[in-house]
Amino acid sequence: MRFDLKRSLFVSLAALGFIAAAGTVNAQTASAKTYAHVISNEKMTTLPQNRNVNFTGSNALYNKAGTLKGAKVVASRTTLNKIKNSQSSTNNVRAYQVAVTNRGSVYYKVVTYDGAYRGWIYGGKSVASIAGGVTQYTTFKNQGLSTLTAAQQSATYKIANPGTANNGTTVTYKQPAWTQYKVGRAITDSTPYASSIFKIDQVGTRTRENDQWVHIYDVNNANSPANGWILMSGLTQAQAPVADNAIQINLVDPSNNSTIVKSVTITRSGATKGTNFGYYSNGGWTISQSDLASIQNQIRAALSGTNYSLDSLTTAQIAQIAQTNFGSSTNLVANKIATIADNAVRINLVKPDGTILKYTDWSKSGVAKGSNVGFSASGNTLWSLYSGDQSSMESQINSALSGTNFQLNTNSNTLNSTQMDAIARGTYGGQVYINVVPVSNATSPIVPRLVGASQKLSKIYDF
């Protein structure tokens, strides 16, 4: 009995010792695994646009401050890196709450604009500046009107495709879409404003998409609900009513058919509104040769000085014009021309049939893009070229005409007053058109002359 008791006591004490030892180990482990706790948690009060941020990819997103007990990853660094480099403004991020732990770490509560990710992310060691896993971010760059041409600034516009689509081009927005958190559309249906005339007073680009947005206002109603932001591509230039006996041809940009580069108006005396400009013949629509030549000349004149051309009309374009009704307009796509140097003018040489023979770029040092090549002399209706420029141009044009069987003028290699006027009115960085004629191969007429007391005829030939 005693032996058994002693043995039993020994086993019990050994067991108690083991338990005590285990308790010591657990106590040490619990002491080593301590968690941070929050000492401050406040809503951010700075301006909303100053709380737009982007992820840096250096820290993950958690359901609570990452060093708090029970913190779990909401989005990994890999995921946040993808959002960081996204080209969609729906992935913009807004910070709206800030917390500080007892260890001095700052955490921001953030949400993506589309609501797909929301959580806490490490933000550095000071609430005075955003750091760590996020950085301040500009979602939209307002550029005033500096990126618009003078023509675009003065032009009036309509919404090209009125309706309800939330696609950036159909309705207007209080701010460019997805550039401010929970700031949406100014109107949800632009149909009631289909006839409204707008002007542009601001322009800028979204950072992620790099697309151009413009702020428009109704010229007839300063308080119109439709005043707001829209993609530039969602506008079309407003047009004055076309006369009942005329058609209007709008020359549009090839990449954006709502952007009108220039317009020309063709009038016909006695025409009736609603009738076709041209006629149907031999299975197709066409126009007269005189109308074709007149239209091509007007188009060239309209595009002179621009970076566009439409030197000859295709069969399809002629048919399009022919079917246009008097009192209405039609759009023709103009061609972007090869780059012209800022200090050069492109001189297009036009054959009698209206086609372009070739062109030559004449340049001059020290001139500014957009300035006129020549000048308007007081009292003269025709413009003139500066001293020395004429001979230089003639030399370059004649060199370009060499071997083509065309020349500047009949029996002349110099510019006439009409050609000089066309070039002088042109601008550097743009283009002009002048007519050239075939080289004459005719011989000079027989010229009589007196020799001595008798008259004799002598033939003088030009070779």
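## A tour of the salt bridges, strands and aromatic pairs

The count of salt bridges in this predicted model comes to eight, a salt bridge being a side-chain nitrogen of Lys or Arg within 4 Å of a carboxyl oxygen of Asp or Glu. Side chains of opposite charge can pair when their charged atoms come close.

Before selecting anything, note that residues are numbered from 1 along each chain as its sequence is written, and that side-chain values use heavy atoms, with hydrogens and water left out. As this is a predicted model, local features need pLDDT of at least 70 and side-chain atom pairs count only at pLDDT 80 or more, while totals for chains, interfaces and linings use all residues.

**The whole chain**

Display the chain as a cartoon: it has seven helices and 28 strands. These elements are DSSP runs numbered from the N terminus, helices being H or I of at least four residues and strands E of at least two. Of the 463 residues, 38% count as buried; buried means under 20% relative accessible area, exposed over 50%, and partly exposed in between, with a 1.4 Å probe and protein chains only. Contacts here mean heavy atoms within 4.5 Å. Among contacts with a separation of 6 or more, 60% are between residues 24 or more positions apart.

**Stop 1: D244 and K273**

Select D244 and K273, a salt bridge whose closest N and O atoms are 4.0 Å apart. D244 lies in the loop between β14 (235–237) and β15 (246–253) and K273 in the loop between β16 (256–267) and β17 (279–281), so the pair ties together parts that are 29 residues apart in sequence. D244 is partly exposed at 46% relative accessibility, and K273 is exposed at 53%.

**Stop 2: D389 and K364**

D389 counts as buried at 7% relative accessibility, whereas K364 counts as partly exposed at 26%.

**Stop 3: helix α7**

Select D421 and R425, which form a salt bridge of 2.9 Å, N to O. The two residues are four apart in helix α7 (residues 417–425), and are therefore separated by about one helical turn. D421 is buried, with a relative accessible area of 11%, while R425 is partly exposed at 40%. Leaving aside residues up to four places away in sequence, D421 touches T381, L382 and W383.

**Stop 4**

Now select R206, E209 and D211, which are linked in a network of salt bridges. Continue to strand β12 (residues 212–218): five of its seven residues are buried, so the strand is largely enclosed by the rest of the structure. Strands β11 and β12 pair in the antiparallel sense over seven bridges, where pairing requires at least two DSSP bridges between two strands. Within this pairing, F198 stands opposite D218 in β12. The hairpin of β11 and β12 has five residues between the strands, and N210 there takes a positive phi near 60 degrees. Strand β12 is also joined by four bridges to β13 (residues 228–231), the two running antiparallel; I216 stands opposite G228 in β13.

**Stop 5: T170**

Select T170 in the loop between β10 (157–159) and β11 (198–206). Is T170 buried or exposed? At 5% relative accessibility, it counts as buried. The side chains of T170 and N167 are joined by a polar contact of 3.0 Å. A polar contact is a pair of N or O atoms within 3.5 Å; within protein, one must be able to donate a hydrogen and the other to accept it, and residues adjacent in sequence count only if both atoms are side-chain atoms. Beyond residues up to four places away in sequence, T170 touches several others, including I159, S190 and I230.

**Stop 6: aromatic pairs**

A search of the whole structure finds seven aromatic pairs. Rings of Phe, Tyr and Trp (its six-membered ring) pair if their centres lie within 6.5 Å; planes under 30 degrees apart count as stacked, over 60 as edge-to-face and the rest as tilted. Select Y173 and W213, an edge-to-face pair at 5.6 Å centre to centre with 80 degrees between the planes. The pair links distant parts of the chain, Y173 in the loop between β10 and β11 and W213 in strand β12, 40 residues apart. Y173 is buried at 4% relative accessible area, and W213 is buried at 1%. Finish at F375 and Y386, a tilted pair at 4.8 Å centre to centre with 40 degrees between the planes. F375 is partly exposed at 28% relative accessibility, and Y386 is partly exposed at 38%.
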